[in-house]
Structure formats: structure tokens, C-alpha cells
Amino acid sequence: MGGPSAEREVSLSSGRECAAALRGEGFEVVEVDAGADLHARLTAIKPDVVFNALHGRWGEDGCVQGVLEWLQIPYTHSGVLASALAMDKQRSKEVYRAAGLPVVESGLFAKGDVCAGHVMAPPYVVKPNNEGSSVGIYIVHEAANGPPQLSEAMPQQVMVETYAPGRELTTTVVGDRALTVTDILTEGWYDYDAKYKPGGSRHVLPADLPREIFDLCLEYALTAHDALGCRGVSRTDFRWDEARGASGLVLLETNTQPGMTPTSLAPEQAAHCGMSFGQLCAWMVEDASCNR
């Protein structure tokens, strides 16, 4: 849990919740704030399984998975390749396209070029190519006077994608099963605060959707999970433009380490399907392995 990424605080919250739930299920749990001494800590602890509650870079992009493979310690969630692919938004879009899944147009651009002029016709979205939790999102509206002025914290290369209007939907996959669909209602953009602050968003579960759209979310989430090579639990996010029917449904991204906090979407969906938070965490431990 924890770690050095931009999502450290969310990871600490996820870690505390999962540790408490696993203790409630009878597991002996040691909480590790992942730092430069991670290899030494794990060598000393000698765990049977590592429950990966890290979010963002290093914890979600294949890096810590590689350490765990090297140490031959079974771990939860996706392996090295699937984690790296899903964290790279542009490459994961290419995998989606190859699998026949609908995505918006996008590309990687130099930060300086994006600040100097419109690199695609507005409306569009600018985001880091390899961060999660809506960190560093810029929306450039049709009426924008000029290009976005990105903060110094943004990387030198960013992803720019066509803005997808509509409702924010998400589906969790556990193992080989897509659970259900949540409709996420917010005042404006589903940003970091909307995701993690109490009252930041309202979740309609199950989503009130036409059966066709509901079923497509389930189908697309499972296809994305499989196409990327995910294991354990993943969550795929969508936008749906109601005016365009089925053709208005597009994939945004797949999260291989979905949040496990009190306001998180994956645990809510599992509970809706009859799996308590403790049972979900226990399932993830039992599912853990190397060579994922």
C-alpha cells in the first residue's frame, strides 16, 4: 500500500480497508508502505501472498509485479504485461481496437505542442498517458479561446483524445465474470475529488439503462479484461451518448488495480452481486499466483 505515485493517499486508504477486511476473514496481515526498501521488507516478512493495494505508477504498471515475480511471491491482480499495457492508455486503446472494441480517436503529443496550439479539433481531453484516478485531466471545450496551458507537473508527452460526451458508466470483472453496471452521477467531470471524497459522486447501481447497452457494457468489459490479459479483478470505464444508441458507447480505460475504499465502485458492485467486501478480498488472496 502507499508507494510513491500520485495516488499514494488513495492507496493507503485502500490498503487499510483491505487489511481490516482480510483480518476479519481470518488472515494474518502485515501492512507494508512500499518504498525503496520493498525487496528487503518482503524478504524479511516472507509472506505467503502479497495483496497489491498500490495504485498508479510503480504499483499498477508492471513494476512491482516484476519485483514479485523475481521474488517468486504469489500476488493479486494482473501480471507484468497486462498491468503495463492497461496503464499505457494509448497502447491499451490499440489493443481495444484490435479486439473490435469501440474507442475514440487519440494520439500522443509533446507537451509543448499541446500548449502551443490545438493538436486536434475541440472538444478534446488532455491527460497523462500513464496515470490513473483522473490525475491531470484537462478538458478543452468547443468554445475554448486557445489551447490548454498544462501545469509543470504534467509529463513531457501527453495523450490527447476526442471528448466523449454522455453518461459515465463502469463495469467490474472478477475472474471470468462481469458483475454489473454502475452509472456515476457527478456535478461536472468525474475527477479525483468526485472519485474519492464522500459525496463527490452518486452511484446508481445497477444502472438504469436499455438492456442492450447494459449487456454491451458487460460484454465489452470482459472482452477488454481478456484482450489485455488481465487477472483477478479489473474495472472498465465507459462513456455513453444516449442520442447515438449502441454506437454512442465507447471504452475509456481499464483499471487493473481498481480502488478498494468505502466509496469505490468495484466493492459496491461485488456487494450488489452478493459478495461482501471481506469475501471479495479473500477471493483475491485465494486467486493470487505468480506467472500472471
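## Strands, core and pocket in a predicted model

Y124, V126 and P128 point one way from strand β2, V125 and K127 point the other way, and all are buried. The model described here is predicted. In a regular strand the side chains alternate between the two faces of the sheet. Strand β2 covers residues 124-128 and is mostly covered, with five of its five residues buried.

### The neighbours of β2

β2 pairs with strand β3 (residues 138-140) through three bridges, and the two run antiparallel. Within that pairing, V126 has Y138 of β3 as its bridge partner. β2 also pairs with β4, here through five bridges, and again the strands run antiparallel. On this side V125 stands opposite E161 in β4.

T162 belongs to strand β4, which spans residues 157-162.

The peptide bond from P122 to P123 is cis, with omega near 5°.

Strand β9 runs from residue 249 to residue 255; seven of its seven residues are buried, so β9 is largely enclosed by the rest of the structure. Six bridges connect it to strand β8 (residues 233-240), and β8 and β9 are antiparallel. One of the pairs is T236 with T254, the latter in β9.

The largest nonpolar core is made of 26 residues, and those with the most contacts inside it are L169, V181, L209, F238, L249 and L251. Elements that each supply at least two residues of this core are α4 (80-87), α5 (89-98), β5 (167-174), β6 (177-185), α8 (211-228), β8 and β9. Which element gives the most to this core? It is α8, with nine residues.

The loop between β7 (202-204) and α8 holds P206. L205 and P206 are joined by a cis peptide bond, with omega about -5°.

Helix α1 consists of 17 residues, 8-24, and at 1.5 Å a residue it should span 24 Å; its end C-alpha atoms are 24 Å apart, which agrees. The buried residues in α1 are V10, S11, L12, S14, G15, C18, A19, A21 and L22. An α-helix has 3.6 residues a turn, so residues three or four places apart point the same way. After α1 comes G26, with a positive phi near 95°.

The largest pocket holds about 690 Å³ of space. Its lining has 27 residues, and V30, P47, V49, V50 and F51 are the closest to its centre. By class, this lining has 21 nonpolar, two polar and four charged residues. At least two lining residues come from each of α1, α2 (38-45) and α3 (63-71). The largest share, four residues, is from α1.

The loop between α2 and α3 contains G56. With a relative accessible area of 0%, G56 is buried. G56 and Q257 are 201 residues apart along the chain, yet their C-alpha atoms are separated by 8.3 Å.

H77 and N291 each have a positive phi although neither is a glycine. The table sets out their phi values and accessibility.

| Residue | Phi | Relative accessibility |
|---|---|---|
| H77 | about 65° | 3%, buried |
| N291 | near 55° | 65%, exposed |

H77 is in the loop between α3 and α4. At 3% relative accessibility, H77 counts as buried. N291 is in the segment after α10 (277-287), and its relative accessible area of 65% makes N291 exposed.

Note on methods
Residues are numbered from 1 along each chain as its sequence is written. This is a predicted model: local features need pLDDT of at least 70, side-chain atom pairs count only at pLDDT 80 or more; totals for chains, interfaces and linings use all residues. Side-chain values use heavy atoms; hydrogens and water are left out. The expected span of a helix is 1.5 Å times one less than its number of residues. Buried means under 20% relative accessible area, exposed over 50%, partly exposed in between (1.4 Å probe, protein chains only). On a 1 Å grid over the protein atoms alone, a cavity is a set of points where a 1.4 Å probe fits but cannot get out, and a pocket is an open set with protein on both sides within 12 Å along at least five of seven lines; lining residues have an atom within 4 Å of a point. Grid points are joined across faces, edges and corners, and a volume is the space filled by probe spheres set on the points. Ala, Val, Leu, Ile, Met, Phe, Trp, Tyr, Cys and Pro count as nonpolar, Asp, Glu, Lys and Arg as charged, and the others, Gly among them, as polar. Two strands pair if DSSP finds at least two bridges between them. A nonpolar core is a set of buried Ala, Val, Leu, Ile, Met, Phe, Trp, Tyr and Cys residues joined through side-chain atoms within 4.5 Å.
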